[in-house]
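Trainee: I would like to work through this model with you, one question at a time. Could we begin with a contact between charged side chains?

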Amino acid sequence: MKILDLYINGFGKFHGRNLSFGDGLNIVYGKNEAGKSTIHTFIRGMLFGIERQRGRASKGDLYTRYEPWENSGTYEGQLRLEHNGHIYRIQRIFQKSRKEFKIVDETAGKEIQATKAFMDELLGGLSETVYNNTISIGQLKAATDEGMVGELKNYIANLNTTGNLALNITKATSFLKSQKKALESQMVPEAARTYTSLLGEIRNLEKEISAPEYENQIQSYQTIKNQVKDRLEEKQKEREELLQKIARGKQLLSSNQFTDQDSITAYSVKTQNTFDEYMDAKAACEKKAKKLVSVLSLILATVLLCLAGAVYFTGNSLSLLSALNLDRTALMASLTGTAIIFYLIGLLLFMRLRHRQKDMDLSGKMLQEIFSKHLGNMDISIEAMRSFQARMAEFTRLSSAISKSELALKRKAEEIAQLQDNEENCSQAIEKQQKSQWELERKLEHLAGCRTQAEGLKHILAENDRVRTEISAIDLALDTLTTLSTSIRDSFGLYLNKTASDLIAGITGGIYTSMSVDENLNVFLNTKTKLVPLEQVSSGTMDQVYLALRLAAAQLIQGDSQNMPLIFDDSFALYDDDRLRTALKWLAKTYSGQIILFTCHQREAQMLTANQIEYQLIEL
């Protein structure tokens, strides 16, 4: 069998991750915490599945430890492998609520029923225990588990008896012992007391699950939440419309240089004052009497100045002065002073008229600009002023409408906030309901277990005689199995010792050429003078010996027809450079199948490159 690639769609820290493997040696390099052990466990889970434990054991089991860190709804993946010329795709969903296991033969283009016979053929007869103790070598865990002893004994026993793996003495013995223990537990004197206690517990559980807090109201809360959500979307739409309306109004006011109602009022008052000033100046400029008085004053002043000149030039010869007995100098001064007075009066009136004209022109220009901007007409009239005031009244109404819209917008915001609070409250209520329903389900499961247990206990007292007979039969069967197990004990060491000795010579580079393993899997290295217990050698040598033992066990269990991939997870951490170089060369030369080596160091790849050994490097 060869692993081609895998796809992780939710397993531990990985989500949406692909990895591909090649023939021969594959080095998967990643720093600490990069997820090497996670991928190692993922491969094991795809091959054998991952079951969630019950009770306290579930807190630290594999299922809980490798639940997805994100998007917990996708706890699944795929593994593609090649076996006997066919490519198979294994698909698993580990989620407890929707567990799924599917095998597709991509070569044949059809789904394969995952029967036990097919899985045994695909995995070479390896159980999960054997897999963990042979070809799957975990981090700093080269030594075998206790379960390996029984697996190997069963294999040798099958060879000596049936010639296949149909017989499993350890499992049969374990089953019989568990049956005996179960039967003995039914005969204990505490059975009646336990039954009474269970009845009380059942009554309490039935009372608890009938409480109003466990009534399923998720659907009603969901309906309310949907209604609130619809209203929230409606209010948000109305809010957006108000925002657009306010923005358009403010844009119109801004384009006319208005900010609020006060600015409109101030602008209107200022324009009205300018118009009044214009009309006053226009009225003043249009009065002919003032112009006539100004002209007459200037003419009279000129006449008086001429008379004063005539008096000056004629002197005392003027008969009128003699007749009136007037002094020439006094008359000249009087005429000149009067002329100056009339001249000043005329000039003052003329300047006032000119100033009024300037005021009228300035006001008129301002009014023309205002009327042109707001009315599109530069004519200055009372009608134009009325039209302007009407226009300003429209802006005033627009500003008032904007203010009302802003108040409405504030109310909408408050309504939206209230609806959002209601939606959040509904979500919390739904979450609380889901939690209570989960607790209810747990209580129902416990209640069902109690009822089942009570039903079993109810028949114990009446069936004690039958149980004793069955226990006697089990004891007889256990004696028979013990006799059979003793008969195969001597042949057990022969198979394992020979294979392991061949492997230890290669993996140690010839330093040790022979080893022996007794029926309890105690390992000894052979020297010319004595057998050296494994505990007395260095940790590096011990690791090599156990590696050889695992590989020997893998060969024994798989036989010659299978060549499963070897998977190492930082298994060479205790090896020095020489031991590591020897082990890598030996593995590459000896093992023709696929090897996947997870490591947090770069020295494996460097040594393989230096020794021109082909490998595929995969970096995490």
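Mentor: Gladly, and please keep in mind that this is a predicted model. Here Glu 76 and Arg 98 form a salt bridge, in which the closest N and O atoms are 3.2 Å apart.

Trainee: How many residues apart in sequence are the parts that Glu 76 and Arg 98 tie together?

Mentor: To answer this, we locate each partner: Glu 76 belongs to strand β4, whereas Arg 98 sits in the loop between β5 and β6. The pair therefore ties together parts whose separation in sequence is 22 residues.

Trainee: Does Glu 76 count as buried or exposed?

Mentor: The cut-off needed here is that a residue is buried when its relative accessible area is under 20%. Arg 98, its partner in the salt bridge, has a relative accessible area of 39% and is partly exposed. Glu 76 has a relative accessibility of 18%, so this residue counts as buried.

Trainee: Which strand is joined to β4 by eight bridges?

Mentor: Strand β4 covers residues 76-83, and its partner in these eight bridges runs antiparallel to it. One of the residue pairs is Arg 80 with its bridge partner Arg 89. The strand that holds residues 86-93 and is joined to β4 in this way is β5.

Trainee: Which are the edge strands of the open sheet of six strands?

Mentor: The order of this sheet is β2-β1-β4-β5-β6-β7, and its pairing is antiparallel. An edge strand pairs on one side only, and this applies to β2 (17-20) and β7 (110-112).

Trainee: Which residue in β13 is the bridge partner of Tyr 29?

Mentor: We now turn to another open sheet, whose five strands have the order β8-β12-β13-β3-β14 with parallel pairing. Within it, strand β3 (residues 25-29) pairs with strand β13 (residues 595-599) over five bridges. The bridge partner of Tyr 29 in β13 is Thr 599.

Trainee: By about how much of a helix are Arg 391 and Glu 394 separated?

Mentor: The side chains of Arg 391 and Glu 394 also meet in a salt bridge, at 3.0 Å from N to O. Both residues are in helix α13 and three residues apart, so their separation is about one helical turn.

Conventions:
Residues are numbered from 1 along each chain as its sequence is written. This is a predicted model: local features need pLDDT of at least 70, side-chain atom pairs count only at pLDDT 80 or more; totals for chains, interfaces and linings use all residues. Side-chain values use heavy atoms; hydrogens and water are left out. Two strands pair if DSSP finds at least two bridges between them. Helices (H or I, at least four residues) and strands (E, at least two) are DSSP runs, numbered from the N terminus. A salt bridge is a side-chain nitrogen of Lys or Arg within 4 Å of a carboxyl oxygen of Asp or Glu. Buried means under 20% relative accessible area, exposed over 50%, partly exposed in between (1.4 Å probe, protein chains only).
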